[in-house]
Each structure stands twice: as C-alpha cells, then as structure tokens.
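Thanks for making time this morning. I would like to walk through one model with you, so please keep the sequence and the structure in view while I talk.

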Amino acid sequence: MASYNLNVNGKTMTVEADPDTPMLWVLRDHLNLVGTKFGCGIAQCGACTVHLNGEAIRSCQLQVASVGNNKITTIEGLSKDGDHPLQKAWEEIDVAQCGYCQAGQIMAAASLLKKKPKPTDADIDATMNNICRCGTHYRIRKAIHLAAEKGGVSK
C-alpha cells in the first residue's frame, strides 16, 4: 500500500492503495464516487470514462500510481448540481434508457465539446466510441448537438 494525494473534482483527496489499483476502483471504493461505472474492465465499453486534465480516459486502465498531480474529473465533478449543458440536453432529449453507460457517455461528450464546440455528425461518430447496449446512440448524437447549440463548453 502507498499513499496518494489525488486532485479529484477540484479537491485534494488522500487514499491508501496498491500502486496497481485502477482509478475506477479508487474512485468508487475509496472515494465513494460511484457515478463512474464498471463495464468491461478492458477499456472497451467506456462506462468508466472520466477526464484526466480534460481528456476522456478509461479509468479501468489507469493505475493510481500513474495519476500524479494530474486532475481527475468524474461525472460528480462535471457540475455541482447536474446543470452542465450536456446533462440538461440528455434530459431534454430523454437519452437514457437503462442509464448504466450514460455517465461515461456524458464525460466523453464533454471532452469532445471542449475540443470541438460545434461538432459534426462525423466528429461525434468518430469520438463517441462508448458502448450503449440500449442503442441510444442516435439520441446521444442529438443531445450533443443540442448541448453545442446551447454553449455546451461551460465547464
């Protein structure tokens, strides 16, 4: 076990963990930030997507020892009260069905909108490679466009 000072959602948090522990489990089990979900465990599905310095990454493959002073943002840190333009667009379009993958989808979309404030369908399709077993990809694309129209890069 080692001690790590992590910058998560703008706060410094200290955890004791094995250096190989994936950030997904540090977030969920040590910090009780359970919005980030476990999906496949091999960085394929995207349910565990968080931001590392604003870039969407799969937290199931990021070891706690490699985080250092980098900033982690989870769905809980995207906005204080769920009012990020993407979260509002998700509700307005009624994107979620089972909802399991949606936190990862929103985090991937937020990273996309920071890079491309007005993405095309092709941009969205090329970036949004998270898996939704319910097949809400069309509504996800529609929600990203709506968030972009309403200034989706607020955070």
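Leaving out residues up to four places away in sequence, Ser-59 touches Pro-22, Met-23, Leu-24, Thr-36, Cys-48 and Val-50, where contact means heavy atoms within 4.5 Å. Ser-59 sits in the loop between strand 4 (55-58) and strand 5 (71-73), and because its relative accessibility is 0%, Ser-59 counts as buried, a term that means under 20% relative accessible area with a 1.4 Å probe and protein chains only.

A word on provenance: this is a predicted model, in which local features need pLDDT of at least 70 and side-chain atom pairs count only at pLDDT 80 or more, while totals for chains, interfaces and linings use all residues. Residues are numbered from 1 along each chain as its sequence is written, and side-chain values use heavy atoms, with hydrogens and water left out.

Turning to the sheet, it is open, with 5 strands in the order 2-1-5-3-4 and mixed pairing; strands and helices here are DSSP runs, of E over at least two residues and of H or I over at least four respectively, numbered from the N terminus, and two strands pair if DSSP finds at least two bridges between them. The edge strands, each pairing on one side only, are strand 2 (11-17) and strand 4.

Strand 1 (residues 2-8) runs antiparallel to strand 2, joined to it by 7 bridges, and Leu-6 stands opposite Met-13 in strand 2. Helix 1 (residues 23-30) packs on this sheet, where it touches strand 1, strand 2, strand 3 (49-52) and strand 5.

Key: Buried means under 20% relative accessible area, exposed over 50%, partly exposed in between (1.4 Å probe, protein chains only). Axes are lines fitted to C-alpha atoms, for helices over the stretch in contact, and angles run from 0 to 180 degrees between N-to-C directions.
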